[in-house]
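Dear colleague,

I am passing on the structure below, followed by notes on what was found in it.

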Amino acid sequence: MKGLDKEDYKLFVEDALQNCIIVGGACRNGCSFCSCKAQAAAGLKNWTEYISLEDLRSVLHYIDPNKTIYFGEGVSFLSCEPFQHPQYLDLLELLNQHFPNTPKRTTTICKGIDPQHYDRLRRAKITFVAGINTLDRQKRRALMKGPEDYSGVVSFLDECAELIDKISLLYTGDLEVLERDLDQLYAINPALERTRIMLRLPEYSMHHNSVVRELHYYAKQTWHAAIRLFDDKVEKPQYWLRSLSDFPQGTRHWQDEQGLNIHDGRASFQRRMDDVRQRFGDELKKRRVAMLLAESVWDYCVATYPELEANAIKVRNRAFKGSYQVAGLLSRDDLLGAVKDNPPFLRYLVPKDVFPRFKRDILGHHLDWNYGSLALDLI
Ligand code: SF4
């Protein structure tokens, strides 16, 4: 294995410092809804060569043994399906020799995993997010192009159920398919009923094709009904948080110490709003301060705090267009566009999620924007 080139290696080290190790390689699957491909088309992240055993060995001293190691996914790169790496198990075993007691986690679509290797996975103490999307053969054919391995997926779900930390399903707009998927999962192995299961609404950006756009709008029509059904049938339901308002009343609340559910999402937003009101209460009342809010929270904010509607500026995602709403996918220019389109304020409160890495936005723009005498505060 040749390993990473110099430029990629630098970022590989940065990722290792965050306990994330990609294994490299461009994904050979053809999921139409793939967000990795959209990120590649937008020029945000790249695929890399497969990493070598030497690449891995050289960053082991950066790893914090007291934190989960994400092995097969990273921050700086697109991550291929980890089991496509021809030496994934050798790499995993090398990692495990050094960190036998540290939890390891990765995401897989569960294809191409040789049953003869299940014991090696158990010994390496790795757990998985199983991104199976759906078990409906017809939908899989339409949405997940690429080599199919249906019996392999079923066998992995059954025999390695104890290694599966979470299952991720894509809502295709068909309630019957969703119900069947859940029944089938529980029939494969009843232990999966006690696993966290996440439901995602397909999202699209300007970098996806029209099929994904249509899928999004089709699925959205019955999204609330899907949540009700899911809430009813899943012991530990989770939802991909697209918007704090995108959920019907009465969505079930269960305590999940590892993930973020709609209730935690709303509570976290309310905590931030309490902080904002405490720090800027007078200024907000005098209309001197405005909040630049992603679409994912704007509706919820004005419905929950109607007295702050005049201070809440909705920021649309112009960088990617489409259905992406969360703050983490906004750019500096999206924020500036919203400032320009609205009456002026003296100070703007900016979600810190827009600038998560070295105070840069998702397109690499730095926070110190130069836009007249704009005063900013990260919240
Ligand atoms: S397996 Fe993952 S990375 Fe590969 S095409 Fe599907 S969604 Fe994209």
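How many residues of domain 1 are in contact with how many residues of domain 2? This is a predicted model, in which local features need pLDDT of at least 70 and side-chain atom pairs count only at pLDDT 80 or more, while totals for chains, interfaces and linings use all residues. Residues are numbered from 1 along each chain as its sequence is written.

An automatic or database domain assignment divides the protein into domain 1 (6-244) and domain 2 (264-378), whose centres, taken over C-alpha atoms, are separated by 31 Å. Twelve residues of domain 1 are in contact with 15 residues of domain 2, contact meaning that C-beta atoms, placed from the backbone, lie within 7 Å. On the side of domain 1 that touches domain 2, six residues are nonpolar, four polar and two charged (Ala, Val, Leu, Ile, Met, Phe, Trp, Tyr, Cys and Pro count as nonpolar, Asp, Glu, Lys and Arg as charged, and the others, Gly among them, as polar).

Around the ligand stand Cys27, Asn29, Gly30, Cys31, Cys34, Cys36, Glu81 and Ile109, each with its C-beta atom, placed from the backbone, within 6 Å of the molecule. This shell comprises five nonpolar residues, two polar and one charged.

In helix 9, a DSSP run (H or I, at least four residues), Val212, Leu215, His216 and Ala219 are buried, with 20 or more other C-beta atoms within 10 Å of their own C-beta atoms, whereas exposed residues have 12 or fewer, C-beta atoms being placed from the backbone. The face turned away from the buried side of helix 9 carries the exposed residues Ser210, Tyr217 and Gln221.

Best regards

Technical notes:
Contact = placed C-beta atoms within 7 Å. Helix = DSSP H or I, 4+ residues; strand = E, 2+ residues; numbered from the N terminus.
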